[in-house]
Amino acid sequence: MKTAAIIAEYNPFHKGHIYHIEQTRRLTGSGCVIALMSGNFVQRGESAFADKYTRARCALSYADLVLELPAVYAVSSAEGFASGAVSVLDSLGGIDFLSFGTEASPAESESLYKAAEILTSEPEAYTALLREKLSCGASFPAARAAALSEYAKDGGVSALLSSPNNILAIEYIKALIRKDSKITPFPVKRLGNYHYNADFPRTGFAGAAEIRSRYRFNGLDGIKDMLDDVVFKILSDACGRSIPVYPDDADALLSYAIAADYDRLSDYADVGESLAAKIRAEFSRDPLIRFEDFASKLKSRELTCTRIYRSLIHILLGIKQSDTDMLAASGYPAYARVLGFNKTGRDFLSSVKKTASLPIISNCADIYGSLTPAQKYLFDKDILATRVYANIVYSKYKTAPVDDFRSRPIII
């Protein structure tokens, strides 16, 4: 039986995700689809709209197995996110395809592969062009897109790199190349424009950002037509008990984290001296942080909101630059944390259990002693991320915290 994997956030799980899973099954002929999903914090640098167990239950309406992407990788830049995720899947074994959504048409997919190969090998002529573009004052994403287009003599590359999903697609392909993985990359064209923009009508499926925004202003009635009936029921049952969670719900915890390490903020991943100085200056003016407003005040031409959000989450979760550098140098060590499965997913786990080159974790209480130091670091951050998120949920809804050590995989 062929097996395909999808790296996702499902924040929340919507009809576009169903389409992706169904297209993956149909086009690859895979009888098993695995979702490697971000936990309680996501790549944009935000707390997830719904906790990982609720989102896993939604995903299992269509996927066969849901694994958790370690939190350190889940809140990394595109390269760290993709490299950590691919490391999990490649080390697990038994996976034939990595399916990912892109804005690229089938005809444009070749440009994705070409860009990935250039960025992996980094030929001198390309790096010289990149230095030239950066010296002219361009931001790194803009300089990279321009240098790639010029080096590859392919104007379409620059347009492709304007989409975050295409950027992630390139990073997935890069990570597979670096791993010399046997997993075949499999792009699936997204239908229409998923990205929320209040100034333009939406075509195709509603994206997660639009769903979160509609919920914020219109509640459940505002998103009912954007979700599958089963998923809508799962989210409805959790509404007011554990969802929604928004970035601003972490205000008090983030304020404490900044105050506790005020003079060492530059140690944290993606922060650096310049952003650390801006954080301290803004914090000294108003220590009562409102997460989204605080991030917008730090934004500049060189610093996107997403970069700032991730930096703040790194401070909140205590993820330091030296630690992420260590993980990258170690080849992105990992484990497979099982959140849920159906019969097909259980059969897949049984088939790879003896050959996988990483621990498969279904019971947190039984595994810690067998982990390497790098895996223990990742595991400790996963536990911390769950506890921080549980603190947010308890403060907001007075719902009993979810404990990773007492939780067991969801079985469908």
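Leaving aside its neighbours within four places in sequence, which residues is I279 in contact with? The list is I258, L265, V271, F294, L298, L312 and I315. Contact here means heavy atoms within 4.5 Å.

## About the model

This is a predicted model, in which local features need pLDDT of at least 70, side-chain atom pairs count only at pLDDT 80 or more, and totals for chains, interfaces and linings use all residues. Residues are numbered from 1 along each chain as its sequence is written, and side-chain values use heavy atoms, with hydrogens and water left out.

## The nonpolar cores

I279 belongs to the largest nonpolar core, which has 106 residues. A nonpolar core is a set of buried Ala, Val, Leu, Ile, Met, Phe, Trp, Tyr and Cys residues joined through side-chain atoms within 4.5 Å. Buried means under 20% relative accessible area; exposed means over 50%; partly exposed lies in between (1.4 Å probe, protein chains only). F41, L92, L98, I258, I279, L312 and I315 touch the most other members.

Helix α18 (residues 373-397) gives the most to this core: 11 residues. Helices (H or I, at least four residues) and strands (E, at least two) are DSSP runs, numbered from the N terminus. Another core lies apart from the largest one. That core has 33 residues, among them A50, Y53, I211 and M226.

## A buried arginine

R337 lies in strand β8 (residues 336-341). Its relative accessible area is 4%, so R337 is buried. Another is a polar contact with the side chain of D404, at 3.2 Å. A polar contact is a pair of N or O atoms within 3.5 Å; within protein, one must be able to donate a hydrogen and the other to accept it, and residues adjacent in sequence count only if both atoms are side-chain atoms.

Not counting residues up to four places away in sequence, R337 touches K52, Y53, V66, L67, E68, I361, C364 and D404.

## Aromatic rings

The structure holds 14 aromatic pairs. Rings of Phe, Tyr and Trp (its six-membered ring) pair if their centres lie within 6.5 Å; planes under 30 degrees apart count as stacked, over 60 as edge-to-face and the rest as tilted. F100 and Y172 form a tilted pair, 5.6 Å centre to centre, with 45° between the planes. F100 lies in strand β6 (residues 97-102) and Y172 in helix α9 (residues 164-179), so the pair ties together parts 72 residues apart in sequence. Both F100 and Y172 are buried.

Y262 and F283 also form a tilted pair, 6.2 Å centre to centre, with 45° between the planes. Y262 is partly exposed, at 27% relative accessibility, whereas F283 is buried, at 9%. Elsewhere, Y335, Y368, F379 and F405 form one aromatic cluster.

## Helix α9

How far apart are the end C-alpha atoms of α9? They are 23 Å apart. The 16 residues should span 22 Å at 1.5 Å a residue, so the two values agree. The expected span is 1.5 Å times one less than the number of residues. Buried residues of α9 include N165, E171, Y172 and K174. Just after α9, D180 takes a positive phi of about 50°.
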